[in-house]
Amino acid sequence: MKTFLAVLVSAMALAMIVAGGCKKDESPPPPKNAAPPPGNISPASDPRAAARNMYSLLFEGTKAQFLSCFWGTEPDLKAVGTIFDFNRTSLNFRDAFIKAYGKTAWPSGKNGSDDPAREQKARLHEIDQSELKIDGDQATLTNIRHGSEKQNPLGLIKSGGSWKVKASSLLPTGPNGDKALAAMARMASLMSKYHRAIAKPGIK
């Protein structure tokens with residue numbers, strides 16, 4: 001279980017920072033009449049609000065609400081759903097583990113990177129500080145860390161009267177991008193299995 005926890009914490013940190021990547025945009029043209037987001041999520045009137053909605057719902061919303069923040073191809077939207085599933089499953093596992101064994105039994109990530117409240121606050125702060133560029137119905141939010149070092153931009157598009165995050169800009173990049181998503185899906189399955197074993201006799 002300890003080995004699994006160490007791997008899990010590292011994977012959680014990866015999932016929480018995966019938005020730093022960006023791949024080639026292969027999204028279709030925006031629909032002329034987009035349906036309003038489900039629940040009580042207001043359509044984003046500007047790009048920064050769209051990005052804030054996305055990160056808030058990653059931690060606190062339903063999957064349908066989270067996906068309503070995005071625009072893209074069906075494969076990219078499915079991949080974004082994988083990120084949500086992994087993040088939510090890992091957070092539920094973390095909460096159940098701490099409830100059963102206490103917070104001191106949970107191996108903390110580097111700089112608290114596995115703390116959902118801290119990570120959410122950090123992401124929202126980054127969005128507020130990011131460089132925003134708008135060109136018609138297209139926009140980018142570029143986070144600047146460590147002085148002048150610029151991260152890959154988060155792409156956004158105005159669709160159906162509201163701004164949405166381009167799903168492609170949230171996905172892992174490079175030759176191992178698909179492998180990273182597949183690993184998240186496998187880890188989510190394992191977490192569901194181990195979640196059921198928490199606090200059972202013989203499990204430590």
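1. Ser159 stands opposite Ser162 in β7. The model is predicted, so local features need pLDDT of at least 70 and side-chain atom pairs count only at pLDDT 80 or more, while totals for chains, interfaces and linings use all residues. Numbering runs from 1 along each chain as its sequence is written, and side-chain values use heavy atoms, with hydrogens and water left out.

2. Strand β6 (residues 154-159) runs antiparallel to β7, joined by 4 bridges; strands pair if DSSP finds at least two bridges between them. The β6-β7 hairpin has 2 residues between the strands, and Gly160 takes a positive phi near 65° there. Helices (H or I, at least four residues) and strands (E, at least two) are DSSP runs, numbered from the N terminus.

3. Strand β1 (residues 70-71) pairs with β7 in the parallel sense over 2 bridges, and Phe70 has Val165 of β7 as its bridge partner. In β7 (residues 162-166), 5 of the 5 residues are buried, so the strand is largely enclosed by the rest of the structure. Buried means under 20% relative accessible area, exposed over 50%, partly exposed in between (1.4 Å probe, protein chains only).

4. Phe59 lies in helix α2 (residues 47-60) and is buried at 11% relative accessible area. Its C-alpha atom is 8.6 Å from that of Phe84, 25 residues apart along the chain.

5. The whole structure has 5 salt bridges, each a side-chain nitrogen of Lys or Arg within 4 Å of a carboxyl oxygen of Asp or Glu. One of them joins Arg123 and Glu126 at 2.8 Å between the closest N and O atoms; Arg123 is buried at 6%.
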